[in-house]
Amino acid sequence: MMLRISLIYVYFNCLFVFVLLDCGCNKGLDRQDNTFSSTLRHIDDVPVCKKRTRISTRYRDYYPEDPTMSFIPGGKYLIGTDEPHFPSDGEAPERLVKIADFYLDKFEVSNEKFRSFVKSTNYTTEAEGFGDSFIFKTLLTPQTQEKYVDFRVVSAPWWFKIKGISWRHPQGEQSNVEDLLEHPVVHISWHDAIAYCNWAGKRLPTEAEWEVACRGGKKRKLFPWGNKLSPRGEHWLNIWQGDFPDGNTVKDGYTTTCPVKKFRQNDYDMHNIVGNVWEWTQDFWNKDEVGANAQHVKKGGSYLCHKSYCYRYRCAARSQNTADSSSGNLGFRCAKNV
């Protein structure tokens, strides 16, 4: 019995001691930007983490009652980078931040969970209210692409602003989420994400919290698990493989989003915190720009990112959209105070 208790104690102690404007990373997908084009462009000694200071061996002191959330220990952490890939994105400099203990969803909010929210509240998303959203060209038939040829984003003409697209119809007007219930909800604005979090008794993570959780207790690593994109030749995330935007080899198994529980990426049990879909955070992109529709920071990249064009599936990477913007690769996960 004593051996078992000792092993449990050791386990928990070890667990916690341990530019391009092309694929939807940019404000070209902001709803307030009405510039479209029919001309296709050519594509040519800081502690890693700390265990809670309160002395206890109870399981709930390490994890919340909700098993779908992970406890992220507070402390001082390094975020950002002194080797930015996109300097204009504000990835630099590397800096020290201090955060409090918090919980973060292990998974992005799924269509199933968002549907429960909508059923409970009769909520209407902003994409539904506006009557359209941005969708990537590979999800559209040639006929639809031709019909909306004048509704492509100038800086990223593979993105179309299409009527009838929303979280209910994420991959075209005739699509639905019945076969995508375990996939992340998309076409979600910042305001939509806030509404869901309020209903769930949670909140959006700050950018610093998000990045600390992404790093999983590691310092100065590119990805949640380390610096190698494909350790042991395995796929650890859902991104674009091949030549963007016309040659996705789908080696990771997914042409669009993958289920929220597919890729476990670090010791904090974060799944798809990089890749799959962009995730909203609380923070303003420009602290001098405030207001109902100011730009907010999004993190993590998406299934449309590729190193040649959108190397933003790194923990330090960041991008932005206005609060009312939505697209087929933009979702979120929730945080909660301890």
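In which helix is E209 found? E209 is found in helix α6, which covers residues 207-215; helices here are DSSP runs of H or I with at least four residues, strands are DSSP runs of E with at least two, and both are numbered from the N terminus.

## Basis of the model

This is a predicted model, in which local features need pLDDT of at least 70 and side-chain atom pairs count only at pLDDT 80 or more, while totals for chains, interfaces and linings use all residues. Residues are numbered from 1 along each chain as its sequence is written, and side-chain values use heavy atoms, with hydrogens and water left out.

E209 counts as buried because its relative accessibility is 8%, where buried means under 20% relative accessible area, exposed over 50% and partly exposed in between, computed with a 1.4 Å probe on protein chains only. Leaving aside residues up to four places away in sequence, E209 touches I99, F102 and R203, a contact being heavy atoms within 4.5 Å.

A search of the whole structure finds 1 disulfide, defined as a pair of cysteine sulfur atoms within 2.5 Å. C214 and C315 form this disulfide, with their sulfur atoms 2.3 Å apart. Since C214 lies in helix α6 and C315 in the loop between β12 and β13, the pair ties together parts that are 101 residues apart in sequence. The torsion about the S-S bond of C214 and C315 is about -75°, so the disulfide is left-handed. C214 is buried at 0% relative accessibility, and C315 is buried with a relative accessible area of 0%. C197, by contrast, is in no disulfide, and the nearest cysteine sulfur, that of C334, is 3.4 Å away.

## Helix α5

Helix α5 spans residues 190-200, and its buried residues are W190, D192, A193, A195, Y196 and C197. These buried residues pack against α2 (111-121), α3 (126-130), β11 (278-284) and β12 (295-299). Just after α5, G201 takes a positive phi of about 75°.

## Strands and sheets

Strands of a sheet pair through backbone hydrogen bonds, either parallel or antiparallel. Two strands are taken to pair if DSSP finds at least two bridges between them. An open sheet of 4 strands has the order β13-β12-β11-β14, with mixed pairing. In that sheet β13 (319-322) and β14 (330-331) stand at the edges, each with a single partner strand, so one side of each is left without a neighbour in the sheet. Strands β12 and β13 run antiparallel and are joined by 4 bridges, and K298 stands opposite S319 in β13.

Strand β5 (residues 102-105) pairs in the antiparallel sense with β2 (residues 69-72) over 4 bridges, where M69 has D105 of β5 as its bridge partner. β5 also pairs in the antiparallel sense with β15 (residues 335-337) over 3 bridges, and here F102 stands opposite N337. From β5, F102 and L104 point one way and Y103 and D105 the other way, and all are buried.

## The largest pocket

The largest pocket holds about 260 Å³ of space. Of the 14 residues that line it, the closest to its centre are T81, D82, E83, R220 and L222. A pocket is an open set of points on a 1 Å grid over the protein atoms alone, where a 1.4 Å probe fits and protein lies on both sides within 12 Å along at least five of seven lines, and lining residues have an atom within 4 Å of a point. Grid points are joined across faces, edges and corners, and the volume is the space filled by probe spheres set on the points.

The lining divides into 3 nonpolar, 4 polar and 7 charged residues. Ala, Val, Leu, Ile, Met, Phe, Trp, Tyr, Cys and Pro count as nonpolar, Asp, Glu, Lys and Arg as charged, and the others, Gly among them, as polar.
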